[in-house]
Amino acid sequence: MFQQVATLFRYRLLIQSLVGRELKARYRGSILGFFWSFINPLLLLLIYALVFEFVFKDAKAKEPWFLFLFCGILPWTWFSSSIAESAGVLIAGGNLIKKVLFPAEVLPVVSVLTNFVHFLLGLPILFLFLAFKGHLHASALLLPLPILVQLVFTIGLALIFSALTVHFRDLQDILGHILHLWFWGSPILYDYGIIDGAFRMVLRFNPLAHVLVSYQQMLFDGAFDHWSGLFCAALCAILIFALGSFLFERLRDTLAEEV
Amino acid sequence: MTAPAILAVDIAKVYRRFLHKNQFKTLKSALLTGSLLSDLSPDQTFTALDGVSFEVPTGCTFGVIGENGSGKSTLLKLLAGITKPTRGSLTVNGRISALIELGAGFHPEISGRENVAINGIMLGLTRKQVDDRFDEIVDFAELRPFIDAPVKTYSSGMYMRLGFAVAIHVDPEVLLIDEVLAVGDEAFTRKCLDKIGEFRRRGKTILLVSHSLGLVEKMCDEILWMRRGKKADQGDPKRVVDAYLTYVAGGEEALLAREHGHAPAEQPEAAPSPDGHGPYREGRWGSREIEIASVQLLDDRGQERHVFVPGESLTVRLRTRAEKPIADFVFGIGLFTADGVSVYGTNTHLEDFVPRRLEGDGDVAFVIDDIQLVEGTYLLDVAAHRRDGTPYDYHRGLYSFRVKSRLKDVGVHRPAHRWTFGGGVDVEAPVPRPELDLHDDGTPDAQ
């Protein structure tokens, strides 16, 4: 695991320029270009505002509900896009792995980091609305903690899925459904606090749920008391990262042949 | 001489033959034992390399030749570190740059400029190094007007040129080249070769895989010949290329004969084709009433040599033996390029010598005062026959020599010539390039 971290650090310049390239390439040819990174979350936010302010007026547990939703959706989008992208990234980059001496783990990490940048660019939009609605609290300063936990967790899973997909192409199809299920199994469209019974137990074992609750408390509620949950999620993230590194290392030599 | 640039000891590479069978079983074994192959039976695997050992000294230009499927590319991938050998050990000292797939990391949507930066970093440069070399790279690729256009708008030639330019400017200590010199037009290929020549002069190690035997032979100090995943031969370019050509043209029988160091058995059915037409296969035939017992290639000091430079003299000395006196005899010489094209042929009959008598041991010398040949390997026919052509002893292509030249002119023959310029044509006289002096040790000095 430490070796993996060292490798990633050694290739930081490469990772950095590849992330830059992905960001540039994504908006190349569109008129608004890089502004899409801001416009996308803004439009998403407006849609939720529209739906919950005018359509499902009674479904609201907190006010303003759309802002609460957005505190969960933004990190979730980062997570799910990263995982979905990294699953195919080794196959798409097959030419690099097969023909050039290229550290394969860089590719899933670049996927995660590219989406991380989109997430970071979405944050100012969120902050703007939070301030507008009077929900910007000092607890938002704790935000780097859940971000770090989510980063490690996502990279770990990205390593696992990217390496496994090379061997089991079926994963790419299944993954969409796994992520969909995971979405509903995470407190995004509902409040973690009001869930009890068996489903609460399920949520407890979802590390991402604790990360999302942390975001929501820090940004929306303004009072963070989910320390134990975030701590468990952090442990779990390190575990997943270690597992991902191990798996990737084990499968590394087969990647160039199977891609 | 320091440690070798590349040291391969008994390396083998085994691939799975069927990629999509038994996935579950093998993935489990991959996770548990770290190998995908351990529980596969031999018929499910394919051995691409089988126990190959060799050493490439630092500063050596090393060629690898062989038929398709002989394991050349696998070897290159192992050297580049893209895959690991199944067995054996492989050590490479120094930074490697592999010209295997040019422009492999290019992203079609972004500009040539950005791709150069990223590709350079991918190949191990720092950002500053990329910036410093950027102009050089672009000028080398001749893409200055297009460098800010997305790479997807490039033609395949432009794409390759940019890829080559980046890879060659990484300034590696060890350069691996896989058949990529055919990327551009004549002028660009020439430029690539010049660049590679510059690498050689600077003492870098180059490993070159190519089907272009002439090129390999010209450029390399040593050649490895791969056959079905094994090392077939290694050593002097001329000798190995000859052996390879022999193998390809004449099959293994002739090769074995050559490996064992004696001439092949007589092949009376293989009629000589005096004018050099027809397939060129080495061999020996004739009645042996006159026997050519030995053939030597000598330089102007009478030393036996196999490498010559233009301007030197070359003597072909035959020692003949005949049990009974013979009055009808002709000695002939034929000179061929490595691919069997006749360069020159003559005999004593054509030149109006009248035979009188030949008996016992004899001596015949054919002296070329000035070899005006371009660089390459040449094969030699020597023969003793009757005036009507009936052979006594015909040696076809059994002897070869190599011409090395500083001047990279092309063709076969170098007619004595000079240039004159007049009127509005003004040229600077070239810096004289002295030919190599081979007298001391019989091998060309390192460039």
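This briefing describes the fold of chain A, its contact with chain B, and selected strands and one residue of chain B. The model is predicted. Chain A has eleven helices and zero strands, whereas the chain B elements treated here include an open sheet of three strands and a strand, E6(B), that is largely enclosed by the rest of the structure. Between the two chains, 24 residues of chain A are in contact with 28 residues of chain B.

**Overall make-up of chain A**

- The secondary structure of chain A consists of eleven helices, with zero strands, and from the N terminus on its elements read α-α-α-α-α-α-α-α-α-α-α.
- Chain A has 259 residues, of which 44% count as buried.
- Among the contacts in chain A with a separation of 6 or more, 76% are between residues 24 or more positions apart.

**Packing of H2(A) with H6(A)**

- Helix H2 (residues 12-27) of chain A packs on helix H6 (residues 106-132) of chain A at an angle of about 55°, and their axes are 9 Å apart.
- H2(A) and H6(A) are therefore oblique to each other, and their crossing is right-handed.
- On the H2(A) side, the contact is made by Leu14(A), Ile15(A), Leu18(A), Val19(A), Glu22(A) and Leu23(A).
- These residues meet Val106(A), Val109(A), Val110(A), Leu113(A), Thr114(A) and Val117(A) in H6(A).
- By class, the contact of H2(A) with H6(A) comprises ten nonpolar residues, one polar residue and one charged residue.

**Packing of H10(A) with H11(A)**

- Helix H10 (residues 207-221) of chain A crosses H11(A) at roughly 135°, and the two axes come within 8 Å.
- At that angle H10(A) is oblique to H11(A), and the crossing is left-handed.
- H10(A) contributes Pro207(A), His210(A), Val211(A), Val213(A) and Ser214(A) to the contact.
- Their counterparts in H11(A) are Gly229(A), Leu230(A), Cys232(A), Ala233(A), Cys236(A) and Ala237(A).
- The residues of the contact of H10(A) with H11(A) divide into eight nonpolar and three polar, with no charged residue.

**Contact between chains A and B**

- The contact joins 24 residues of chain A to 28 residues of chain B.
- On the side of chain A that touches chain B, the elements giving two or more residues are H2, helix H5 (94-99) and helix H11 (227-258) of chain A.
- By class, this side of chain A has eleven nonpolar, four polar and nine charged residues.

**The open sheet of chain B**

- Three strands of chain B form an open sheet in the order E2-E1-E4, with antiparallel pairing.
- Strand E2 (45-56) and strand E4 (87-92) of chain B stand at the edges with a single partner strand each, so one side of each has no neighbour in the sheet.
- From one strand to the next, the twist averages 25°.
- Strand E1 (residues 6-16) of chain B pairs with E2(B) in the antiparallel sense over eight bridges.
- Within this pairing, the bridge partner of Tyr15(B) in E2(B) is Phe46(B).

- Five of the five residues of strand E6 (residues 174-178) of chain B are buried, so E6(B) is largely enclosed by the rest of the structure.
- Both faces of E6(B) are covered, with Val174(B), Leu176(B) and Asp178(B) buried on one side and Leu175(B) and Ile177(B) buried on the other.
- Strand E5 (residues 96-99) of chain B pairs with E6(B) in the parallel sense over four bridges, and Ser97(B) stands opposite Leu175(B).
- Strand E7 (residues 205-209) of chain B also pairs with E6(B) in the parallel sense, over five bridges, and Leu207(B) in E7(B) stands opposite Leu176(B).

**The setting of Asn115(B)**

- Asn115(B) is found in helix H3 (residues 112-122) of chain B.
- Asn115(B) has 26 other C-beta atoms within 10 Å and is therefore buried, since a residue counts as buried at 20 or more.
- Leaving aside residues up to four places away in sequence, Asn115(B) touches Phe106(B), His107(B), Ile110(B) and Val151(B).
- The C-alpha atoms of Asn115(B) and Leu162(B) are separated by 9.3 Å, with the two residues 47 residues apart along the chain.

Methods
Residues numbered from 1 in each chain as written. Chains lettered and ligands numbered in written order. Predicted model: local features only at pLDDT ≥ 70, side-chain atom pairs only at ≥ 80, totals over all residues. Axes fitted to C-alpha atoms, helices over the stretch in contact; angles between N-to-C directions. Parallel < 35°, antiparallel > 145°, perpendicular 65-115°, else oblique. Left-handed = near helix turned anticlockwise from the far one by under 90°. Contact = placed C-beta atoms within 7 Å. Nonpolar A, V, L, I, M, F, W, Y, C, P; charged D, E, K, R; others polar. Buried ≥ 20, exposed ≤ 12 C-beta atoms within 10 Å, placed from the backbone. Pairing = 2+ DSSP bridges.
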